[in-house]
Amino acid sequence: MNVLKVSRLTITLFVLPCLLIYCSMVFIPILVSLYSGLLDWNGIGKATFVGLKNFGNLFFNDPVFWPSVRRTLMFAVFSMAEIPLALLVAILLRRFIKRPNFLVSSYFLPVILSVVVVGQLWKTIYNPASMGGMLNQVLIAAGLESWTRPWLTDPAVAMYALYFVALWQYLGYHTLIQFTGISNIPGELYEAARIDGAEGFKADRHITFPLIIPIFKISIVLAFIGSLQAFDMVMVMTAGGPAHATDVISTHMYNMSFLSMKYGYGSAIAAFLVAVCLAATLIINLIFNSLEKRFS
């Protein structure tokens with residue numbers, strides 16, 4: 001019993017500093033932001049308590065807010081759509097490539113690039129043909145001139161152009177996660193399945209997919225929550241334009257807080273974003289917990 005008490009005390013002493021730092025860097029700022037959302041404040045001068053007025057204006061009087069929410073959710077859906085593709089690539093690499101580490105590292109290369117570098121690179125690719133835009137030049141050379149677009153200045157396609165860049169940059173990240181998970185599955189399971197006549201994708205259906213669910217969940221959570229917080233790539237490539245056509249929640253929060261000097265209003269947007277992230281994480285965990293129980 002004394003040993004158990006000492007062990008718990010030791011664990012507490014080691015965990016407490018990290019817990020305090022985590023609370024001071026995460027939970028306290030969230031509470032401060034939530035309180036700031038109840039103020040009419042420009043971030044510098046005197047603040048006036050207005051209660052839920054900022055949230056009321058946000059939900060009912062802001063013409064930019066709900067479209068930005070829709071685009072953010074679409075961003076998250078597109079990001080999650082690349083997870084099955086990453087899983088397929090990981091399975092193919094594991095099955096058909098004898099030494100796949102080089103290819104996995106190659107796919108991961110865009111992830112280690114700065115978002116600013118990636119944004120500037122794709123801005124150049126998306127430029128009009130007259131400005132050296134590679135994509136439009138390739139389409140013209142292929143006889144598809146009717147497909148050319150001002151990709152980042154056309155409100156109808158600008159957001160989809162950003163979705164594709166995000167998919168391109170982070171496909172390797174999720175491929176690496178899935179590949180690592182598949183590599184940790186014991187080979188004996190596949191050998192036993194082969195003896196029973198299950199090979200290829202049939203073996204994946206009964207072995208790989210059930211055992212990869214926890215890793216798959218990690219990728220889904222990272223992709224979804226990361227997309228909800230999308231900011232830097234949008235700011236680098238379009239800054240929310242043209243005419244707010246690519247504004248997402250984070251860019252709208254930035255514009256309200258620092259350009260319009262409505263810090264209290266921007267804090268209300270931040271509080272909403274935190275609530276959406278928490279709700280999304282809870283829902284995803286509930287879904288995957290039920291899947292794990294089903295396949296266990």
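Let's start with Asp-204. Is Asp-204 buried or exposed? Its relative accessibility is 2%, so Asp-204 counts as buried. The cut-off for buried is under 20%. Keep in mind that this is a predicted model.

What does the side chain of Asp-204 meet? The side chain of Arg-95, in a salt bridge. The N to O distance is 2.4 Å. Now look at where the two partners sit. Asp-204 is in helix 9, and Arg-95 is in helix 3, which covers residues 65-96. They are 109 residues apart, so this pair links distant parts of the chain. Arg-95 has 32% relative accessibility, so Arg-95 counts as partly exposed.

How many salt bridges does a search of the whole structure find? Two. The other pair is Arg-194 and Glu-199, whose side chains meet at 3.5 Å, N to O. Arg-194 is partly exposed, with a relative accessible area of 45%.

Stay with helix 9. Thr-208 is in this helix too. At 1% relative accessibility, Thr-208 counts as buried. Now find Gly-264. Along the chain, Thr-208 and Gly-264 are 56 residues apart. Their C-alpha atoms are separated by 49 Å.

Next, a helix pair. Two packed helices are described by the angle between their axes and the distance between those axes. Take helix 9, residues 201-228, and helix 12, residues 263-295. Their axes come within 10 Å and cross at roughly 170°. That angle makes helix 9 roughly antiparallel to helix 12. The crossing is right-handed.

Let's zoom out. The protein has twelve helices and two strands. What order do the elements run in, from the N terminus on? The order is α-β-β-α-α-α-α-α-α-α-α-α-α-α. Along the principal axes, the C-alpha atoms fill a box of roughly 80 × 75 × 30 Å. There are 296 residues, and buried ones make up 38% of them.

On to the loops. Go to the one between helix 10, residues 232-237, and helix 11, residues 249-259. Pro-242 lies there. The peptide bond from Gly-241 to Pro-242 is cis, and omega is near 0°. Ala-239 is found in the loop between helix 10 and helix 11 as well. Check its phi: near 55°, a positive value in a residue other than glycine. Ala-239 is partly exposed, with a relative accessible area of 42%.

Now move along to Met-261, in the loop between helix 11 and helix 12. Phi of Met-261 is also near 55°, again positive in a residue other than glycine. Met-261 has 37% relative accessibility, so Met-261 counts as partly exposed.

Last stop: helix 1, residues 2-36. Find Val-15 there.

To recap, go back to two places. Asp-204 in helix 9 is paired with Arg-95 in helix 3. Helix 9 also crosses helix 12 at roughly 170°. Over to you for questions.

How values were computed. Residues numbered from 1 in each chain as written. Predicted model: local features only at pLDDT ≥ 70, side-chain atom pairs only at ≥ 80, totals over all residues. Heavy atoms only, no water. Helix = DSSP H or I, 4+ residues; strand = E, 2+ residues; numbered from the N terminus. Axes fitted to C-alpha atoms, helices over the stretch in contact; angles between N-to-C directions. Parallel < 35°, antiparallel > 145°, perpendicular 65-115°, else oblique. Left-handed = near helix turned anticlockwise from the far one by under 90°. Buried < 20%, exposed > 50% of the residue type's maximum accessible area, 1.4 Å probe, protein only. Salt bridge = Lys/Arg side-chain N within 4 Å of Asp/Glu carboxyl O.
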